[in-house]
Amino acid sequence: MSEEEKLPFAKAEVTRLMRDNLDADKQIREQVKVEMNKFLGEILKNVCKQLNDYPYTTIDYEMFKESVYPYTNIERINQERERIIMHLESIKNDCDLLSSDVKRTMKIRDVAEE
């Protein structure tokens, strides 16, 4: 069985789609074409696995939209991730500041009691 027979999609179609979305001066190595094809097949499997989690025998558009959300909204997800990280950094800085204040205050009290 050749490599092309194991691919989930027609290699020519995946290559055409890649060329349609890449700059004209880009060349695509064979391994990239094959790995893109496998990657797209894995995404399809993951989406179908999530669709199988629904108890219904008919898959509707809302189910599909929910299943592909991580792939279609990756930019929004990354922005939310960055926002959360920034907020956590702010909380960390506040905790460090409070810790310094407590240490400084306790040090003054320790010295005053002696």
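Mentor: Let's start with K65 and E62, which both lie in helix α4 (residues 61–72), three residues apart, or about one turn of the helix. Helices here are DSSP runs of H or I with at least four residues, strands are runs of E with at least two, and both are numbered from the N terminus.

Trainee: Before we go on, where do the numbers come from?
Mentor: This is a predicted model, so local features need pLDDT of at least 70 and side-chain atom pairs count only at pLDDT 80 or more, while totals for chains, interfaces and linings use all residues. Residues are numbered from 1 along each chain as its sequence is written, and side-chain values use heavy atoms, with hydrogens and water left out.

Trainee: OK, back to K65. What does K65 form with E62?
Mentor: A salt bridge, with the closest N and O atoms 3.5 Å apart. That term means a side-chain nitrogen of Lys or Arg within 4 Å of a carboxyl oxygen of Asp or Glu.

Trainee: Which residues do salt bridges that share partners join into one network?
Mentor: E13, R16 and D20. Within that group, the side chains of E13 and R16 meet at 2.5 Å, N to O. These two are three residues apart in helix α2, so about one helical turn separates them. E13 is partly exposed at 38%, and R16 is partly exposed too, at 39%.

Trainee: How many salt bridges does the structure hold?
Mentor: Nine. Another one to look at is E30 with K11, at 2.2 Å from N to O. That pair links distant parts of the chain, since E30 is in helix α3 (residues 30–52) and K11 is in helix α2 (residues 11–21), 19 residues apart.

Trainee: What about cover for those two?
Mentor: E30 counts as partly exposed at 41%, whereas K11 counts as buried at 18%.

Trainee: Now zoom out for me. How many helices and strands are there in the protein?
Mentor: Five helices and zero strands. Along the sequence the pattern reads α-α-α-α-α. Of the 114 residues, 16% are buried.

Trainee: Tell me about α3. How many residues does α3 have?
Mentor: α3 has 23 residues and reaches 33 Å from its first C-alpha to its last, close to the 33 Å expected at 1.5 Å a residue. The expected span is 1.5 Å times one less than the number of residues. Its buried residues are K33, V34, N37, G41, I43, V47 and L51.

Trainee: Pick one of those. What's N37 in contact with, leaving aside its neighbours within four places in sequence?
Mentor: N37 touches L7, P8, F9, A10, K11 and V14. Contact means heavy atoms within 4.5 Å. N37 counts as buried because its relative accessibility is 0%.

Trainee: F9 came up there. Where does F9 lie?
Mentor: In the loop between α1 (3–6) and α2. F9 is partly exposed at 32%. Together with F39, L40 and L44, F9 forms a nonpolar patch on the surface, with about 350 Å² of accessible area.

Trainee: What makes something a patch?
Mentor: Patch residues have over 30% relative accessible area and no salt bridge; like charges are joined within 9 Å, and nonpolar side chains (Val, Leu, Ile, Met, Phe, Trp, Tyr) within 5 Å. The areas come from the Shrake-Rupley method with a 1.4 Å probe, and for residues only the protein chains shown count as cover.

Trainee: Last one: what does the accessible surface of the protein come to?
Mentor: About 10,000 Å², and 55% of that belongs to carbon and sulfur atoms.

Key: Buried means under 20% relative accessible area, exposed over 50%, partly exposed in between (1.4 Å probe, protein chains only).
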